[in-house]
Amino acid sequence: MKKSWIVYLLCCSDGKIYTGVTNDLEKRLEAHNKGNASKFTSARLPVTLLATSRVIEKEDAYRLEYRIKHLPREKKLKAI
């Protein structure tokens, strides 16, 4: 059985947007807000969830994350 994956966008305390991939959103958000998920978000706590993708396969999730990370901020916000 394949796991379900999603791409998520977070808003950091300084207004920056973080994009990530997970198969357990609740656990990942908890890790971000404890400062254990990434260097980027650990310096910008707390974070809040802005948006999530639909459930997709792992490879597609990582491709989507890559595309989103390379968008300018304005296009990320419009995509939400």
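Trainee: Which residue forms a salt bridge with D14, and how far apart are the closest N and O atoms?
Mentor: D14 pairs with R44 in a salt bridge, and their closest N and O atoms are 2.9 Å apart. Please keep in mind that this is a predicted model.

Trainee: Where do D14 and R44 lie?
Mentor: D14 belongs to the loop between strand 1 and strand 2, while R44 belongs to the loop between helix 2 and strand 3, so the pair ties together parts that are 30 residues apart in sequence.

Trainee: Is D14 buried, partly exposed or exposed?
Mentor: D14 is partly exposed, because its relative accessibility is 42% and that class covers values between 20% and 50%.

Trainee: How many salt bridges does the structure hold?
Mentor: There are four. Among them is one between the side chains of D60 and R63, at 2.7 Å from N to O. Another joins E65 to K69, with the closest N and O atoms 3.2 Å apart.

Trainee: Where do D60 and R63 lie?
Mentor: Both are in helix 3, three residues apart, which is about one turn of the helix. D60 counts as partly exposed at 37% relative accessibility, and R63 is partly exposed with a relative accessible area of 49%.

Trainee: And E65 with K69, where are those two?
Mentor: E65 and K69 also lie in helix 3, four residues apart, again about one turn of the helix. E65 is buried, with a relative accessible area of 11%, whereas K69 is partly exposed at 42%.

Trainee: Changing topic to the sheet: what is the order of its strands?
Mentor: The three strands form an open sheet in the order 2-1-3, and the pairing is antiparallel. Strand 2 (17-22) and strand 3 (48-52) stand at the edges with a single partner strand each, so one side of each has no neighbour in the sheet. On average, neighbouring strands are turned by 30° against each other, direction ignored.

Trainee: How many bridges link strand 1 and strand 3?
Mentor: Strand 1 (residues 6-11) and strand 3 pair over four bridges, in the antiparallel sense. C11, for instance, has T48 in strand 3 as its bridge partner.

Trainee: Which strands does helix 1 touch?
Mentor: Helix 1 (residues 25-34) packs on the sheet and touches strand 1, strand 2 and strand 3; its direction makes about 30° with that of strand 1. Helix 3 (residues 58-69) packs on the sheet as well, touching strand 1 and strand 2, and its direction makes about 175° with that of strand 2.

Trainee: What does S53 touch, apart from residues up to four places away in sequence?
Mentor: S53 touches I6, V7 and L64. S53 itself is in the loop between strand 3 and helix 3. Its C-alpha atom is separated by 20 Å from that of G15, which is 38 residues away along the chain.

Trainee: Which residues does the cis peptide bond join?
Mentor: The cis bond joins L45 and P46, with omega at about -5°. Most peptide bonds are trans. P46 is found in the loop between helix 2 (39-42) and strand 3.

Trainee: Last topic: which residues form the nonpolar patch on the surface?
Mentor: L50, L77 and I80 form that patch, and together they have about 240 Å² of accessible area. I80 is placed in the segment after helix 4 (73-79), and it counts as partly exposed at 46% relative accessibility.

Conventions
Residues numbered from 1 in each chain as written. Predicted model: local features only at pLDDT ≥ 70, side-chain atom pairs only at ≥ 80, totals over all residues. Heavy atoms only, no water. Pairing = 2+ DSSP bridges. Axes fitted to C-alpha atoms, helices over the stretch in contact; angles between N-to-C directions. Contact = heavy atoms within 4.5 Å. Patch = residues over 30% accessible without salt bridge, like charges linked within 9 Å, V, L, I, M, F, W, Y side chains within 5 Å. Areas by Shrake-Rupley, 256 points an atom, 1.4 Å probe, with all protein chains shown as cover. Buried < 20%, exposed > 50% of the residue type's maximum accessible area, 1.4 Å probe, protein only.
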